[in-house]
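Thanks for coming. I have one structure to go through today, and I will keep to what can be read from the coordinates.

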Amino acid sequence: QVHLVESGGGLVRPGGSLRLSCAASGTIFRLNDMGWYRQAPGGQRDLVATISYGDSPNYADSAKGRFTISRDNAKNTVYLEMNSLKPEDTAVYFCNADAVPYYRDMRVYNYWGQGIQVTVSS
């Protein structure tokens, strides 16, 4: 089983920055695509950004120009640098990953973290 644990959330003022981290642990052979999703109060869980194993990123329109997703494959970790934060960015942010836990069969599974709160408020 692969476990994803987010960190780096908290309270920040509008215009400020936060850097989220998501560390994968457990039985891991390789992490494939990884990403960040968010869910605002009363809202749906929406994609924020994804990044492939080869570092090709994709962003939601709301994140383009402000957020940067990156990864460190040696550490099995994905990051989300968030700049110019707005109150509308307030949400629980979830880490997501496609992972191959078993090197012998290479089957791909999808995993979610528990989520971490990001609050943008003055």
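Let me start with a term: buried means under 20% relative accessible area, exposed means over 50%, and partly exposed is in between, with a 1.4 Å probe and protein chains only. By that rule aspartate 89 is buried, because its relative accessible area is 1%.

Before going on, the ground rules. This is a predicted model, so local features need pLDDT of at least 70, side-chain atom pairs count only at pLDDT 80 or more, and totals for chains, interfaces and linings use all residues. Residues are numbered from 1 along each chain as its sequence is written, and side-chain values use heavy atoms, with hydrogens and water left out.

Back to aspartate 89. Which side chains meet it in a salt bridge? A salt bridge here is a side-chain nitrogen of Lys or Arg within 4 Å of a carboxyl oxygen of Asp or Glu. One partner is arginine 38, at 2.9 Å from N to O. That pair links distant parts of the chain, with arginine 38 in strand β4 and aspartate 89 in the loop between β8 and β9, 51 residues apart. For the element names, helices (H or I, at least four residues) and strands (E, at least two) are DSSP runs, numbered from the N terminus.

Another partner is arginine 66, at 2.7 Å from N to O. Arginine 66 sits in the loop between β6 (57–59) and β7, 23 residues from aspartate 89. Arginine 66 counts as buried because its relative accessibility is 12%. Through shared partners, the salt bridges join Arg38, Arg66 and Asp89 into one network.

The count of salt bridges comes to three. Aspartate 61 and lysine 64 form one of them, with the closest N and O atoms 3.3 Å apart. Is aspartate 61 buried or exposed? Aspartate 61 counts as exposed, because its relative accessibility is 66%.

Now arginine 38 in more detail. Arginine 38 lies in strand β4, which covers residues 30–39. With a relative accessible area of 14%, arginine 38 is also buried. Its side chain makes a polar contact of 3.3 Å with the side chain of serine 62. A polar contact is a pair of N or O atoms within 3.5 Å; within protein, one must be able to donate a hydrogen and the other to accept it, and residues adjacent in sequence count only if both atoms are side-chain atoms. Leaving aside neighbours within four places in sequence, the residues in contact with arginine 38 include Asp46, Phe67, Glu88 and Tyr93.

Next, the sheet. Four strands form an open sheet in the order β1-β3-β8-β7, with antiparallel pairing. The edge strands are β1 and β7, each pairing on one side only. Two strands pair if DSSP finds at least two bridges between them. Strands of a sheet pair through backbone hydrogen bonds, either parallel or antiparallel.

Going across this sheet, β1 and β3 pair over six bridges. Within that pairing, leucine 4 has alanine 24 in β3 as its bridge partner, and valine 2 stands opposite glycine 26. Six bridges also join β3 to β8, where leucine 18 is partnered by methionine 82. Between β7 and β8 there are six bridges as well, with isoleucine 69 opposite leucine 80.

As for the faces of β1, Val2, Leu4 and Glu6 are on the covered one, while His3, Val5 and Ser7 are on the uncovered one.

That brings me to the core. A nonpolar core is a set of buried Ala, Val, Leu, Ile, Met, Phe, Trp, Tyr and Cys residues joined through side-chain atoms within 4.5 Å. Which members of the largest one touch the most other members? Of its 29 residues, those are Trp36, Leu80, Met82 and Tyr93. The largest share of this core, five residues, comes from β9. Not counting residues up to four places away in sequence, methionine 82 touches Leu18, Leu20, Arg66 and Tyr93, among others.

Last, glutamine 117, which lies in strand β11. Glutamine 117 is partly exposed, because its relative accessible area is 38%. Its side chain makes a polar contact of 3.2 Å with that of threonine 119.

That is where I will stop.

Methods: Contact means heavy atoms within 4.5 Å.
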